[in-house]
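Hi everyone, thanks for coming. Let's have a look at this one together, and I'll walk you through a single region.

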Amino acid sequence: ASFVPITILQHAECNLSDARFSPDERWIVLVVQVENNISAPSRIIIAPYREDGSLEEKEWIAITDESALNNNPRWSPDGGMICFTSDRDGYRCLWAQRVDLKTRKPVGDPLAIYHFHRAGLLMQRFGPELLAIAAARDKIVFNLRESTGNIWMPRYP
């Protein structure tokens, strides 16, 4: 058996990336970015999956707006929450949004899962190292860069 890629979602003006199927394989969560720049504001949406690729933008369900850089969306195992990274508070932090299991529409406000507001802790990509996130029933795993530095001053007699 060979793998044949098919287009299931496309947009003429926006970049679509980091798509993930829901646990029931009926929905897709992905990042929508208007500018062709990985540091530009982006939003996370959920779209229903159809094998024939028929989907209109009016069917997109916004999980975030475009006021910040929102990336790395991941479904919780039960499909009731989307974990993602966002710099909405000035730092790249880990957030989550509850979603209704039937409609996949957001329920309540986004939840701050963990803040990385220390200068030495960086949740971002560096060179070829990509930010990776995996969500399980009771845990989230991701790569985190920790950097430290020293300032030395010579003592002159």
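This is a predicted model: local features need pLDDT of at least 70, side-chain atom pairs count only at pLDDT 80 or more; totals for chains, interfaces and linings use all residues.

**A walk across the sheet**

So, let's begin with strand 5 and strand 6, which pair antiparallel over four bridges. Residues are numbered from 1 along each chain as its sequence is written, and side-chain values use heavy atoms, with hydrogens and water left out.

Back to our pair. Is strand 5 mostly covered or mostly open? Mostly covered: six of its six residues are buried, where buried means under 20% relative accessible area, exposed over 50%, and partly exposed in between, with a 1.4 Å probe and protein chains only.

Now zoom out. The open sheet has four strands in the order 5-6-7-8, with antiparallel pairing. Strand 5 (70–75) and strand 8 are the edges, each pairing on one side only. From one strand to the next, the twist averages 30°; the angles are between N-to-C directions, from 0 to 180 degrees, using axes that are lines fitted to C-alpha atoms.

Strand 6 (residues 81–86) and strand 7 run antiparallel and are joined by six bridges.

Strand 7 covers residues 93–98, and R98 sits in it. What does R98 touch, leaving out residues up to four places away in sequence? G80, M81, K105, P106, V107 and L111, with contact meaning heavy atoms within 4.5 Å. The C-alpha atoms of R98 and G79 are 9.0 Å apart, though 19 residues separate them along the chain. R98 counts as partly exposed because its relative accessibility is 43%.

Last stop, strand 8 (residues 111–114), where I113 is found. With a relative accessible area of 38%, I113 is also partly exposed.

That's the tour, so over to you for questions.

Note on methods
Helices (H or I, at least four residues) and strands (E, at least two) are DSSP runs, numbered from the N terminus. Two strands pair if DSSP finds at least two bridges between them.
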